[in-house]
Amino acid sequence: MRKPFIAGNWKMNMLVDTGKGLVAQLKDRVRDVKGVEIAICPPAVLLPAICEEAKGSNIRVGAQNMYHENSGAFTGEVSGAMLKSIGCTYVILGHSERRHIFGEPDGLINAKVNAALAIGLKPILCVGEKLEQREAGRTEDVVGLQVVAGLYGVTAQQMEDVVIAYEPVWAIGTGKTATPSQAEEVHQLIRGLVTETYGEEVGQSLRIQYGGSVKPDNARGLLGLADIDGALVGGASLEAEPFSKIVMAAVE
Ligand code: PEP
(Lines give C-alpha, C1' and ligand atoms only; values in the text may rest on other atoms or scores of the structure.)
Protein backbone atom coordinates (compact mmCIF):
# COMPACT_ATOMS: atom_id res chain seq x y z
CA MET A 1 0.00 0.00 0.00
CA ARG A 2 1.52 3.31 -1.08
CA LYS A 3 1.19 6.24 1.32
CA PRO A 4 -0.30 9.27 -0.48
CA PHE A 5 2.06 12.22 -0.70
CA ILE A 6 0.89 15.83 -1.08
CA ALA A 7 3.64 18.40 -1.68
CA GLY A 8 3.32 22.15 -2.16
CA ASN A 9 5.63 23.96 -4.56
CA TRP A 10 5.69 27.60 -3.52
CA LYS A 11 7.82 28.52 -6.57
CA MET A 12 9.22 32.08 -6.26
CA ASN A 13 6.58 33.26 -3.79
CA MET A 14 6.43 34.27 -0.11
CA LEU A 15 8.77 36.14 2.22
CA VAL A 16 10.13 34.81 5.50
CA ASP A 17 7.30 36.19 7.63
CA THR A 18 4.44 35.24 5.26
CA GLY A 19 5.99 31.79 4.72
CA LYS A 20 6.32 31.16 8.46
CA GLY A 21 2.74 32.35 8.93
CA LEU A 22 1.51 29.91 6.30
CA VAL A 23 3.35 27.01 7.96
CA ALA A 24 1.88 27.95 11.34
CA GLN A 25 -1.65 27.84 9.87
CA LEU A 26 -0.96 24.58 8.06
CA LYS A 27 0.39 22.93 11.18
CA ASP A 28 -2.89 23.73 12.92
CA ARG A 29 -5.00 22.33 10.10
CA VAL A 30 -3.12 19.10 9.40
CA ARG A 31 -1.94 18.27 12.93
CA ASP A 32 -4.15 15.18 13.20
CA VAL A 33 -3.64 13.93 9.66
CA LYS A 34 -2.29 10.40 9.54
CA GLY A 35 -1.64 8.16 6.59
CA VAL A 36 -0.70 11.03 4.24
CA GLU A 37 2.76 12.46 3.85
CA ILE A 38 2.83 16.26 3.59
CA ALA A 39 5.67 18.47 2.36
CA ILE A 40 6.17 22.09 1.39
CA CYS A 41 8.88 23.37 -0.91
CA PRO A 42 9.72 27.06 -0.37
CA PRO A 43 12.32 29.11 -2.24
CA ALA A 44 15.92 28.35 -1.15
CA VAL A 45 16.44 31.51 0.89
CA LEU A 46 13.39 30.75 3.05
CA LEU A 47 14.38 27.15 3.76
CA PRO A 48 16.19 27.61 7.11
CA ALA A 49 13.29 29.60 8.62
CA ILE A 50 10.67 27.21 7.22
CA CYS A 51 12.58 24.10 8.39
CA GLU A 52 12.70 25.66 11.86
CA GLU A 53 8.98 26.49 11.81
CA ALA A 54 8.02 22.98 10.61
CA LYS A 55 10.30 21.18 13.09
CA GLY A 56 8.48 18.60 15.21
CA SER A 57 5.37 18.69 13.00
CA ASN A 58 4.06 16.26 10.38
CA ILE A 59 5.10 18.65 7.59
CA ARG A 60 8.35 17.84 5.79
CA VAL A 61 10.33 20.46 3.90
CA GLY A 62 11.78 20.19 0.41
CA ALA A 63 13.82 22.44 -1.87
CA GLN A 64 12.83 23.35 -5.42
CA ASN A 65 16.22 22.68 -6.98
CA MET A 66 19.88 21.95 -6.15
CA TYR A 67 23.24 21.60 -7.87
CA HIS A 68 24.88 18.20 -8.20
CA GLU A 69 28.28 19.10 -6.70
CA ASN A 70 28.61 19.31 -2.92
CA SER A 71 30.71 22.49 -2.87
CA GLY A 72 33.02 24.56 -5.05
CA ALA A 73 33.12 27.41 -7.54
CA PHE A 74 29.48 27.33 -8.68
CA THR A 75 28.30 30.87 -8.08
CA GLY A 76 24.65 31.17 -7.21
CA GLU A 77 24.07 27.46 -6.70
CA VAL A 78 22.95 25.52 -3.61
CA SER A 79 24.17 21.98 -2.94
CA GLY A 80 22.33 18.94 -1.67
CA ALA A 81 24.72 18.84 1.30
CA MET A 82 23.59 22.35 2.27
CA LEU A 83 19.93 21.40 1.98
CA LYS A 84 20.46 18.26 4.01
CA SER A 85 22.34 20.17 6.72
CA ILE A 86 19.38 22.46 7.44
CA GLY A 87 16.83 19.65 7.62
CA CYS A 88 15.36 19.29 4.14
CA THR A 89 13.89 15.89 3.32
CA TYR A 90 12.92 16.35 -0.34
CA VAL A 91 14.15 18.18 -3.42
CA ILE A 92 12.09 18.85 -6.54
CA LEU A 93 14.20 18.14 -9.64
CA GLY A 94 13.44 18.65 -13.31
CA HIS A 95 10.40 20.84 -12.73
CA SER A 96 9.08 22.00 -16.10
CA GLU A 97 10.01 25.60 -15.25
CA ARG A 98 13.62 24.44 -14.72
CA ARG A 99 13.52 22.48 -17.98
CA HIS A 100 11.84 25.09 -20.16
CA ILE A 101 12.73 28.50 -18.68
CA PHE A 102 16.25 27.64 -17.53
CA GLY A 103 17.03 25.03 -20.19
CA GLU A 104 17.93 22.15 -17.87
CA PRO A 105 18.56 19.03 -19.96
CA ASP A 106 17.87 15.44 -18.87
CA GLY A 107 21.59 14.75 -18.27
CA LEU A 108 21.87 17.56 -15.72
CA ILE A 109 18.62 16.54 -14.03
CA ASN A 110 19.91 12.97 -13.83
CA ALA A 111 23.18 14.15 -12.21
CA LYS A 112 21.11 16.03 -9.64
CA VAL A 113 18.89 12.98 -8.94
CA ASN A 114 21.97 10.84 -8.28
CA ALA A 115 23.61 13.54 -6.14
CA ALA A 116 20.44 14.03 -4.08
CA LEU A 117 20.16 10.29 -3.39
CA ALA A 118 23.86 10.05 -2.52
CA ILE A 119 23.50 12.76 0.15
CA GLY A 120 20.25 11.35 1.57
CA LEU A 121 17.69 13.70 0.02
CA LYS A 122 14.58 12.29 -1.63
CA PRO A 123 14.16 13.57 -5.18
CA ILE A 124 10.76 14.42 -6.62
CA LEU A 125 11.57 13.93 -10.29
CA CYS A 126 9.16 15.92 -12.48
CA VAL A 127 8.28 14.78 -15.97
CA GLY A 128 5.66 15.92 -18.45
CA GLU A 129 4.91 16.72 -22.04
CA LYS A 130 4.17 20.10 -23.66
CA LEU A 131 0.84 20.73 -25.37
CA GLU A 132 2.28 20.42 -28.88
CA GLN A 133 3.92 17.12 -27.95
CA ARG A 134 0.60 15.75 -26.64
CA GLU A 135 -1.20 16.94 -29.75
CA ALA A 136 1.42 15.25 -31.93
CA GLY A 137 0.83 11.95 -30.09
CA ARG A 138 4.29 12.07 -28.49
CA THR A 139 3.33 12.01 -24.79
CA GLU A 140 4.50 8.44 -24.28
CA ASP A 141 7.88 9.04 -25.96
CA VAL A 142 8.57 12.33 -24.21
CA VAL A 143 7.59 11.20 -20.72
CA GLY A 144 9.22 7.79 -21.20
CA LEU A 145 12.53 9.37 -22.15
CA GLN A 146 12.41 11.82 -19.23
CA VAL A 147 11.79 8.94 -16.80
CA VAL A 148 14.50 6.67 -18.20
CA ALA A 149 17.08 9.46 -18.53
CA GLY A 150 16.23 10.96 -15.15
CA LEU A 151 16.72 7.64 -13.36
CA TYR A 152 19.90 6.56 -15.15
CA GLY A 153 22.31 5.05 -12.62
CA VAL A 154 19.74 4.90 -9.80
CA THR A 155 19.71 1.52 -8.05
CA ALA A 156 16.66 -0.52 -7.09
CA GLN A 157 17.37 0.18 -3.43
CA GLN A 158 17.63 3.93 -4.03
CA MET A 159 14.26 3.85 -5.82
CA GLU A 160 12.65 3.58 -2.36
CA ASP A 161 13.49 7.27 -1.92
CA VAL A 162 12.40 8.43 -5.37
CA VAL A 163 9.07 10.10 -6.08
CA ILE A 164 8.01 10.87 -9.65
CA ALA A 165 5.64 13.76 -10.38
CA TYR A 166 3.77 13.65 -13.68
CA GLU A 167 3.09 17.25 -14.58
CA PRO A 168 1.79 17.89 -18.09
CA VAL A 169 3.32 21.27 -18.97
CA TRP A 170 0.04 22.50 -20.46
CA ALA A 171 -1.68 21.99 -17.10
CA ILE A 172 0.79 23.84 -14.87
CA GLY A 173 -0.49 27.19 -13.65
CA THR A 174 -3.03 27.31 -16.48
CA GLY A 175 -6.18 26.19 -14.69
CA LYS A 176 -6.39 23.28 -17.18
CA THR A 177 -6.15 19.93 -15.43
CA ALA A 178 -5.57 16.62 -17.14
CA THR A 179 -8.73 14.55 -16.83
CA PRO A 180 -8.35 11.74 -14.30
CA SER A 181 -8.20 9.22 -17.16
CA GLN A 182 -5.54 11.21 -19.08
CA ALA A 183 -3.44 11.37 -15.91
CA GLU A 184 -4.01 7.74 -14.97
CA GLU A 185 -2.92 6.61 -18.44
CA VAL A 186 0.46 8.34 -18.11
CA HIS A 187 0.88 7.20 -14.49
CA GLN A 188 0.40 3.61 -15.67
CA LEU A 189 2.99 4.16 -18.38
CA ILE A 190 5.51 5.48 -15.81
CA ARG A 191 4.86 2.62 -13.39
CA GLY A 192 5.20 0.17 -16.26
CA LEU A 193 8.59 1.59 -17.27
CA VAL A 194 9.89 1.51 -13.71
CA THR A 195 8.59 -2.05 -13.30
CA GLU A 196 10.36 -3.12 -16.51
CA THR A 197 13.66 -1.73 -15.26
CA TYR A 198 13.51 -2.50 -11.54
CA GLY A 199 10.95 -5.27 -11.14
CA GLU A 200 7.45 -5.60 -9.75
CA GLU A 201 8.22 -4.73 -6.13
CA VAL A 202 9.90 -1.41 -6.94
CA GLY A 203 7.26 -0.58 -9.55
CA GLN A 204 4.42 -1.21 -7.14
CA SER A 205 5.96 0.77 -4.30
CA LEU A 206 6.89 3.84 -6.42
CA ARG A 207 4.83 6.91 -5.54
CA ILE A 208 3.72 8.91 -8.57
CA GLN A 209 2.22 12.33 -7.93
CA TYR A 210 0.07 14.25 -10.38
CA GLY A 211 0.70 17.97 -10.77
CA GLY A 212 -1.02 20.63 -12.86
CA SER A 213 -3.72 22.95 -11.51
CA VAL A 214 -4.71 20.61 -8.68
CA LYS A 215 -7.35 22.37 -6.57
CA PRO A 216 -9.67 21.25 -3.75
CA ASP A 217 -12.51 20.66 -6.22
CA ASN A 218 -10.61 18.36 -8.59
CA ALA A 219 -8.28 16.64 -6.08
CA ARG A 220 -10.64 13.87 -5.05
CA GLY A 221 -11.27 12.74 -8.63
CA LEU A 222 -7.55 12.53 -9.36
CA LEU A 223 -6.44 11.04 -6.05
CA GLY A 224 -9.08 8.32 -6.22
CA LEU A 225 -7.33 6.61 -9.14
CA ALA A 226 -5.23 3.50 -8.68
CA ASP A 227 -1.90 4.87 -9.93
CA ILE A 228 -2.17 8.45 -8.65
CA ASP A 229 -0.45 8.49 -5.27
CA GLY A 230 -0.57 12.16 -4.43
CA ALA A 231 -0.20 15.62 -5.86
CA LEU A 232 2.43 18.26 -6.46
CA VAL A 233 0.53 21.48 -5.94
CA GLY A 234 1.63 24.95 -7.09
CA GLY A 235 -0.87 27.80 -6.84
CA ALA A 236 -3.19 26.09 -4.37
CA SER A 237 -0.31 25.53 -1.92
CA LEU A 238 0.09 29.26 -1.27
CA GLU A 239 -2.82 29.42 1.15
CA ALA A 240 -3.56 27.14 4.07
CA GLU A 241 -7.21 26.47 3.28
CA PRO A 242 -6.98 25.04 -0.27
CA PHE A 243 -3.76 23.16 0.46
CA SER A 244 -5.14 21.52 3.59
CA LYS A 245 -8.35 20.63 1.70
CA ILE A 246 -6.21 18.81 -0.89
CA VAL A 247 -4.46 16.98 1.96
CA MET A 248 -7.88 15.99 3.35
CA ALA A 249 -8.91 14.72 -0.10
CA ALA A 250 -5.91 12.37 0.07
CA VAL A 251 -6.96 11.18 3.55
CA GLU A 252 -10.36 10.23 2.16
C1 PEP B 1 3.70 23.03 -9.99
O2 PEP B 1 4.26 24.08 -9.75
O3 PEP B 1 4.36 21.99 -9.94
C4 PEP B 1 2.28 23.05 -10.33
C5 PEP B 1 1.69 21.93 -10.59
O6 PEP B 1 1.63 24.27 -10.34
P7 PEP B 1 0.04 24.54 -10.38
O8 PEP B 1 -0.59 23.64 -9.34
O9 PEP B 1 -0.11 25.99 -10.05
O10 PEP B 1 -0.42 24.19 -11.75
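This short talk walks through a predicted model of a protein with a ligand, beginning at the ligand and then moving to some individual residues.

A word on conventions before we start. Residues are numbered from 1 along each chain as its sequence is written, and side-chain values use heavy atoms, with hydrogens and water left out. Since the model is predicted, local features need pLDDT of at least 70 and side-chain atom pairs count only at pLDDT 80 or more, while totals for chains, interfaces and linings use all residues.

Let me begin with the ligand. How many residues surround the ligand? There are 14 of them, and the closest are Lys11, Glu167, Gly173, Ser213 and Gly234; a residue is near a molecule or strand here if one of its heavy atoms lies within 4 Å of it.

An N or O atom in the side chain of Lys11 is 2.9 Å from an oxygen atom of the ligand, and a polar side-chain atom of Glu167 lies 2.7 Å from a ligand oxygen atom.

Ser213 is placed in the loop between strand 7 (207–211) and helix 10 (216–223), helices (H or I, at least four residues) and strands (E, at least two) being DSSP runs numbered from the N terminus. Is Ser213 buried or exposed? Its relative accessibility is 10%, so Ser213 counts as buried, given that buried means under 20% relative accessible area, exposed over 50%, and partly exposed in between, with a 1.4 Å probe and protein chains only.

Met14 likewise has a positive phi, near 85°, in a residue other than glycine. Met14 is found in the loop between strand 1 (5–9) and helix 1 (16–30), and with a relative accessible area of 23% Met14 is partly exposed.

Let me turn to the rings. The structure holds 3 aromatic pairs, meaning that rings of Phe, Tyr and Trp (its six-membered ring) have centres within 6.5 Å, with planes under 30 degrees apart counted as stacked, over 60 as edge-to-face and the rest as tilted. In one of these pairs, the ring centres of Tyr67 and Phe74 are 4.8 Å apart and the planes stand at 40°, so the pair is tilted. Tyr67 counts as buried at 19% relative accessibility, whereas Phe74, at 33%, is partly exposed. Elsewhere, the charged end of Arg98 sits over the ring of Phe102, 4.2 Å from its centre, which requires NZ of Lys or CZ of Arg to be within 6 Å of the ring centre and within 35 degrees of the ring normal.

Asn110, in helix 5 (residues 106–119), is buried at 10% relative accessibility, and its side chain reaches the backbone oxygen of Gly150 at 2.9 Å. His68 lies in the loop between strand 3 and helix 3 and is partly exposed at 24%; His68 and Lys112 are 44 residues apart in sequence, and 4.6 Å apart in space from C-alpha to C-alpha. Finally, Glu129, in the loop between strand 5 (122–127) and helix 6 (131–135), is buried with a relative accessible area of 0%, and its C-alpha is 9.0 Å from that of Ser96, 33 residues away in sequence.

Definitions and conventions: A polar contact is a pair of N or O atoms within 3.5 Å; within protein, one must be able to donate a hydrogen and the other to accept it, and residues adjacent in sequence count only if both atoms are side-chain atoms.
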